[in-house]
Amino acid sequence: MSSCVTLAQEYILNIQHFGAEEGLSHRDVQSIHQDQQDLLWLGTAYGLNRFDGYQFKWYTKEIHGLQSNRITYIMEDAQGLLWLFDTEANFSYEIRTVDIFDPRRERSVSFEDFFADQLPFALVDVLAFTNNGSGSLAFLTNDRQVHIYDGAWRQFAVEGHPFTVVFEIRWAENDWIWLSTDVAGQTRTQNRMLQAFDLSGRQVQQARYDEFDALQIRELDTDGTCHYSICKKGTNEVQLLALSPAKEPVVDNKIDNPWLEEFLKNSPFEQAWPHPYLKKGSNYLYSYGVNLILFTEDGQITAEQDIELSKLEDSA
């Protein structure tokens, strides 16, 4: 099924829908990943789906030995293995299970069995996790240790202001790890802290926002600049800010891609901003309503929730 959305006068968005009728295992798509072979992997409420641009293939608990059919995060390591996370909720870092899936052999092993006697930490102790664009994964545990896996484990302790809850963690290309956290000693809804650490654990940047109950990281630049949004408690007013190395926060209205800018102006979705978990080199945004849209270099677009494959074309 296809449809067309006109974006102002310059662009036409032609949308082709791929849902359950076309082979998707479940309409509730909770995570998406583009692998080293440019295949799309989709975590749903019922299993893992591989999409090659034409058809879906399912991988489930019942047939392929996954611990859970619910997959809320997908990350790929340097060996091409997919780490499949089942967390308490979407955008939650409270891990229930982790499966390590080999897409070539189509086999799955639990995190605990994969590392056996070299298990670096218990999943229950993880506060947050992230990855970079080179196949390295990072896990922050409740003892303020960051455990990095790049084929072998290493770890370091983080400095900085104390925190008890991590709302978001991101790994920048300059090897800074950014955290959006609470402020220890305050209630969960009172204050927010943005902190960055290098890979020795040294705090390299921070900003604190009192009486703000939301702070979301939008995008990270190659030089380490963090683009983020904050929302003051009791309001719906969102401020867009940027925090770069050795500088104070400044007002930010960055949208580099004219396709994205035009799309956002005329978007049928309520909110949209960049999404962190797709391959660098793709243009992408995250939105409510339809959960995720990916713009690839040739103009193809994929979206969570029925999986919309779209193409943005010049109306001329």
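Over residues 267-316 the pLDDT stays under 50, although the model has 156 contacts beyond four places in sequence for this stretch. The structure is a predicted model. Where pLDDT is low, the predicted coordinates should not be read in detail.

**Confidence**

- The chain has a mean pLDDT of 77, with 71% of its residues at 70 or more.
- Among the elements of the chain, the highest mean pLDDT, 97, belongs to strand 12, and the lowest, 36, to strand 24 (residues 283-287).
- Residues 1-15 also have a pLDDT below 50. The model gives this stretch 51 contacts beyond near neighbours in sequence.

**Nonpolar cores**

- The largest nonpolar core has 32 residues. Within this core, Trp83, Phe85 and Phe129 touch the most other members.
- Strand 12 (residues 137-141) supplies the largest share of this core, namely four residues.
- Another core, of 17 residues, lies apart from the largest one. Its members include Trp176, Phe212, Tyr228 and Ile230.

- Seven bridges join strand 17 (residues 191-197) to strand 18 in the antiparallel sense. Opposite Gln195 stands Gln206, in strand 18.

**Asp182, between two strands of the sheet**

- Asp182 is found in the loop between strand 16 (177-181) and strand 17.
- The relative accessible area of Asp182 is 2%, so this residue counts as buried, the cut-off being under 20%.
- Two polar partners of the Asp182 side chain can be named. The side chain of Thr164 makes a polar contact with the side chain of Asp182 at 2.4 Å. The backbone nitrogen of Val165 lies 3.0 Å from a polar atom of the Asp182 side chain.
- Leaving out residues up to four places away in sequence, Asp182 touches Pro162, Phe163, Thr164, Val165, Phe167, Asn191 and Met193.

Terms used
Residues numbered from 1 in each chain as written. Predicted model: local features only at pLDDT ≥ 70, side-chain atom pairs only at ≥ 80, totals over all residues. Heavy atoms only, no water. Core = buried A, V, L, I, M, F, W, Y, C linked by side-chain atoms within 4.5 Å. Buried < 20%, exposed > 50% of the residue type's maximum accessible area, 1.4 Å probe, protein only. Pairing = 2+ DSSP bridges. pLDDT = per-residue confidence, 0-100. Contact = heavy atoms within 4.5 Å. Polar contact = N/O pair within 3.5 Å; in protein donor to acceptor, adjacent residues only side chain to side chain.
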